[in-house]
Amino acid sequence: MKAAPAAQKRLLDLAELDSVIDRLAHRRRTLPELAEIDDLSARVARLATQVIAAETEAGDLAREQTKAESDVDSVRIRAERDQKRLDSGQVTSPKDLASLQSEIASLNRRQSDLEEVVLEIMERREAADEQVTKLAAERDRLAGLRADAEDRRDAVFAEIDKENTEVKGKRGTVATEIPADLLSLYEKLREQFGVGAAMLQGTRCLGCRTSLSIAEINSIKAASHDEVLRCEECRRILVRTPESGL
Ligand SMILES: [Zn+2]
């Protein structure tokens, strides 16, 4: 393949711009904020599950408390009714009186036991409510940190994307100055090796940093200036410049 030395030199500008594009893409992929956001998202999701479990427990205890309080009420109502009968003086037989008094005493003991149960449920419910508040606050705190990290990520993304657009614009202009067959070879090599062209500096390929053999140097010296050369080592297009001295 042959191409004017000026067009070959433009390949080096293209390679330079492509390496900037690669660096930008790498920076976008490996932004520390991305790992931070993933980590925070996992923690927020775990906490959200824990909040639901704690809310379910608190809800169960609230229902248990209502049920226990209604048990207390029904025992208290029965005791009050018995007490009214006792106070009314309508029950006169000593046997019925004794039985009524014994039932009132038993209902009072029962009410006291049930009130203990209510207190115990209330304590557990209070602890469960506190747990809900604590977990939800931690979940919200981490969600806030994640939102901050997302803002930082978006700011860097915008910066990278702006630079990328500029570099791609320049690249488009440079590419128009390179003949189609040379450009297509460059693109193929870039796809294969990451970099499509490298400068020959002295006797070294700057693509793979290998020094060329005497035989290669001699064949380069013999080649015409518009001959498109390739590095024997890395296969990239080897571009001669005034710095090559060849
Ligand atoms: Zn090379």
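This is a predicted model: local features need pLDDT of at least 70, side-chain atom pairs count only at pLDDT 80 or more; totals for chains, interfaces and linings use all residues.
Colleague: Why are H1 and H3 called roughly antiparallel to each other?

Modeller: The axes of helix H1 (residues 5-29) and helix H3 (residues 94-176) cross at roughly 160°. Angles over 145 degrees count as roughly antiparallel, under 35 as roughly parallel, 65 to 115 as roughly perpendicular and the rest as oblique; H1 and H3 are therefore roughly antiparallel. The two axes come within 10 Å.

Colleague: What makes up the contact of H1 with H3?

Modeller: Its residues are eleven nonpolar, one polar and eleven charged. Asp, Glu, Lys and Arg count as charged, Ala, Val, Leu, Ile, Met, Phe, Trp, Tyr, Cys and Pro as nonpolar, and the others, Gly among them, as polar.

Colleague: What does the UniProt annotation say of residues 14-194?

Modeller: The unreviewed entry labels them "domain: CT398-like coiled coil hairpin"; such annotations may be inferred rather than shown by experiment. In the model, this span is 94% helix and 0% strand, and its end C-alpha atoms lie 13 Å apart.

Colleague: Which element gives the most to the lining of the largest pocket?

Modeller: H1 does, with five residues. The lining includes Leu-12, Asp-13 and Arg-236, and divides into seven nonpolar, two polar and three charged residues.

Colleague: How are residues numbered, and which pLDDT do local features need?

Modeller: Residues are numbered from 1 along each chain as its sequence is written. Local features need pLDDT of at least 70, and side-chain atom pairs count only at pLDDT 80 or more.

Key:
Side-chain values use heavy atoms; hydrogens and water are left out. Axes are lines fitted to C-alpha atoms, for helices over the stretch in contact, and angles run from 0 to 180 degrees between N-to-C directions. Helices (H or I, at least four residues) and strands (E, at least two) are DSSP runs, numbered from the N terminus. On a 1 Å grid over the protein atoms alone, a cavity is a set of points where a 1.4 Å probe fits but cannot get out, and a pocket is an open set with protein on both sides within 12 Å along at least five of seven lines; lining residues have an atom within 4 Å of a point.
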